[in-house]
Amino acid sequence: MSTRIDAIDVSAWYGDFRAIDGVDLTIEPKTVTALIGPSGCGKSTFLRTLNRMHEVVTGARTSGQVLLDGEDVYGDDVDPVAVRRSIGMVFQRPNPFPTMSVRENVLAGLRLGGSGGGRRARRRNAEADVIVERALERAGLWNEVKDRLDKPGAGLSGGQQQRLCIARAISVEPDVLLMDEPCSALDPVSTLKIEDLVTELKDDYTIVIVTHNMQQAARVSDTTAFFNIAAAGEPGRLVEVGATSKIFTKPDDSRTEDYITGRFG
């Protein structure tokens, strides 16, 4: 499956405040797209519009279209829960469910319906074991936790917890993975592991990552989109998007260059 995202004239509000205005952005399949820009410019808001997480905030709304392989995820007949299964998300701070084991955390996103015992239950448990191992392997965590699957997920280190959250997100086999500053709360060693993981995962997923770390954007992304605000209280707007190598060496807009080189503001 190609899994391309086309955001067309996307705006988003929190109550009466317009957080982003008229964003047009195409995200190509099986690439990493980095969203960069100053705090308050709407990067995370835009990210959350892609899988309809923005609308869960009281008073929040969105206009425009977000097309996933040509289908508008905001269509009247589209189930937002199904959208969020197809477009998974990893948040800024690791958020494993504290009362759940490592195994239960991985399986939390799956609706393993049905009940009963005997052969059917054993088969369901065997399938769950395969899903857990596969997700933890893909998240680069299996060898570290395979002997403690029944221990609380919250007992892992910060970096391990974030990879557990990634395993939870990919256990439902999404098409797209959204990552909102996934390394901001991590130490440099854990950050490097997450970055290596992002590079590996793009073979299977379309990835969009918000980051304030310019070096990280340069290391992990194929495409970079720069957001900015004209002044306090103004909505965030997409200034420039292009191949990361070009954005970081010869951007078209002077505002992009000023931000990347630290002359911003």
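In the predicted model, R134 and E173 form a salt bridge (a side-chain nitrogen of Lys or Arg within 4 Å of a carboxyl oxygen of Asp or Glu), with the closest N and O atoms 3.3 Å apart. R134 belongs to helix α4 (residues 118–138) and E173 to the loop between α6 and β7 (176–180), so the pair ties together parts 39 residues apart in sequence; helices (H or I, at least four residues) and strands (E, at least two) are DSSP runs, numbered from the N terminus. R134 is partly exposed at 40% relative accessible area, whereas E173, at 54%, is exposed (buried, under 20%; exposed, over 50%; partly exposed, in between; 1.4 Å probe, protein chains only).

The model is predicted, with pLDDT of at least 70 required for local features and 80 or more for side-chain atom pairs, while totals for chains, interfaces and linings use all residues. Residues are numbered from 1 along each chain as its sequence is written, and side-chain values use heavy atoms, without hydrogens and water.

A salt bridge also joins E144 and R163 (2.8 Å, N to O). This pair links helix α5 (residues 142–145) to helix α6, 19 residues apart. R163 is buried, at 5% relative accessible area, and E144 is partly exposed, at 33%. Shared partners connect R4, D6 and E28 into one salt-bridge network. Within the R4 and D6 bridge, the closest N and O atoms are 2.9 Å apart. The whole structure contains 15 salt bridges.
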